[in-house]
Amino acid sequence: MDDRLPSFKLATHYDGKPYADGDRAQATVVESLQLVKKCKQDPSLVVVDVGGFLGDFGLYAAACGCQVYIFEVQPEYADLIRASIALNNFSTSRVHVLEKAVNDLPSNSKLTFSQKGGDTTASEGNLTVSTIRLDDVKWPSNSTILLLKVDVEGFELNVLRSAEKLFSENRIHHLIFEYTAWWTNRGAQKDLIPYVENTLKPKQLFALHRTAGNVYGPLNREVLDKFHETHVSRHLQTDIYARFVESDENSTLKVESYNLKKSFA
C-alpha cells in the first residue's frame, strides 16, 4: 500500500488494492495524529483495530512504529493479516492478531456468526468464536491506546461497552467508529452516540465523509440531537471520530462545519 507514507505490503485474495474510498476521511484523521513522530518518541503507544478485515488500518500503524492489536474473527482474513505481517517483517511481539470477538459479554463467552462476503452477522451460523472485553486484554504495562478503530457490522456499541474501564482511566485518546443507522438489524445504533457522549465523555465529536477526505465538526448539540433520525431517513453511512484529549496545538487536522445537505450530498 503506497497511497501514503510509510508504505507497506498487503496480502489479499486478489490482485490490486482493496477498495479504500470509505477510508479517506479516516486517513485524514490518522495522518493528523502523526503516528510516525509519536510512536518514535514513545514506542509503547498502542493502536487497536477491531474488525480488521485485511488489516490495512493496523498494518499502517505498524509501519509507523506503533504497537498494534488487530481483532479479526474470520480465520481466512486473520491468516492474510499474519501473511502481511511476515511480508513486512513486522515483529510479532509488537503486532498482535487476535481471533476473538470483542464484545461486552463476559470474556470467553461464545458467539456464532454467519459469514458472507467478508462480513459477519450474529446468527445461527457456521463460525463460533470466543469473546473478549477490551478491559480484559493484557495490554502492555501502563500503555496508552493512542487510537482505537471499530468497524464491526453493527456491534460497535458492544465493543465500546467492553472498554468502559479503559475510557474511564483515560487510556484511550482517540476513537474512530462506523455509524450506520438505517440497516434493519441496527437498532442499537440509536443508542451509540448517546452512549459515547454521556458515558465515555469525549472532548469533541466529528463526522467523516463516507467517500471523500472531509472531516466535519465539532458536532454541536443541534446536529447530535438529529443525527440518528437524519441518517435513518436518508440512508446515510459515516464514521465518527471522537477525541478524548485536548486538541494538540500542532494538530494538522483541517475540519469543516457540518451541514447535512452539503456534507453528505
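How many of the 6 residues of strand 7 are buried? In this predicted model, the count is 5 of the 6, so strand 7 is largely enclosed by the rest of the structure. A search of the whole structure finds 1 disulfide, and cysteine 39 and cysteine 66 form it.

**Strand 7 and its partner**

- Strand 4, made of residues 101-102, pairs with strand 7 in the parallel sense, and the pairing runs over 2 bridges.
- Valine 102 has isoleucine 132 of strand 7 as its bridge partner.

**Helix 3 and the residue that follows**

- Helix 3 has 6 buried residues out of 8, so this helix is also largely enclosed by the rest of the structure.
- Those buried residues are Phe57, Gly58, Leu59, Tyr60, Ala61 and Ala62.
- After helix 3 comes glycine 65, which has a positive phi, near 95°.

- The sulfur atoms of cysteine 39 and cysteine 66 are 2.0 Å apart, and the two residues form a disulfide.
- The torsion about their S-S bond is about 90°, so the disulfide is right-handed.
- Cysteine 39 belongs to helix 2 (residues 35-41), while cysteine 66 sits in the loop between helix 3 (56-63) and strand 2 (67-71); the pair therefore ties together parts that are 27 residues apart in sequence.
- Cysteine 39 has a relative accessibility of 3% and counts as buried; cysteine 66, at 2%, counts as buried too.
- Cysteine 64 takes part in no disulfide: the nearest cysteine sulfur belongs to cysteine 66 and is 5.6 Å away, whereas a disulfide requires two cysteine sulfur atoms within 2.5 Å.

**Backbone features in loops**

- Glycine 217 and proline 218 are joined by a cis peptide bond, with omega at about -5°.
- Proline 218 is placed in the loop between strand 11 (215-216) and helix 8 (221-233).
- Asparagine 142 has a positive phi, near 60°, although this residue is not glycine.
- With a relative accessibility of 74%, asparagine 142 counts as exposed, because the cut-off for an exposed residue is over 50%.
- Glutamate 153 is another residue other than glycine with a positive phi, here near 55°.
- The loop that holds glutamate 153 runs between strand 8 and helix 5 (156-161).

**A nonpolar patch on the surface**

- Trp182, Trp183 and Val232 make up a nonpolar patch on the surface, and together they have about 230 Å² of accessible area.
- One of these residues, valine 232, is part of helix 8.
- Valine 232 has a relative accessibility of 32% and counts as partly exposed, since that class lies between the limit for buried, under 20%, and the limit for exposed, over 50%.

How values were computed
Residues are numbered from 1 along each chain as its sequence is written. This is a predicted model: local features need pLDDT of at least 70, side-chain atom pairs count only at pLDDT 80 or more; totals for chains, interfaces and linings use all residues. Side-chain values use heavy atoms; hydrogens and water are left out. Helices (H or I, at least four residues) and strands (E, at least two) are DSSP runs, numbered from the N terminus. Buried means under 20% relative accessible area, exposed over 50%, partly exposed in between (1.4 Å probe, protein chains only). Two strands pair if DSSP finds at least two bridges between them. Patches are made of residues with over 30% relative accessible area and no salt bridge: like charges are joined within 9 Å, nonpolar side chains (Val, Leu, Ile, Met, Phe, Trp, Tyr) within 5 Å. Accessible areas come from the Shrake-Rupley method with a 1.4 Å probe; for residues, only the protein chains shown count as cover. A salt bridge is a side-chain nitrogen of Lys or Arg within 4 Å of a carboxyl oxygen of Asp or Glu.
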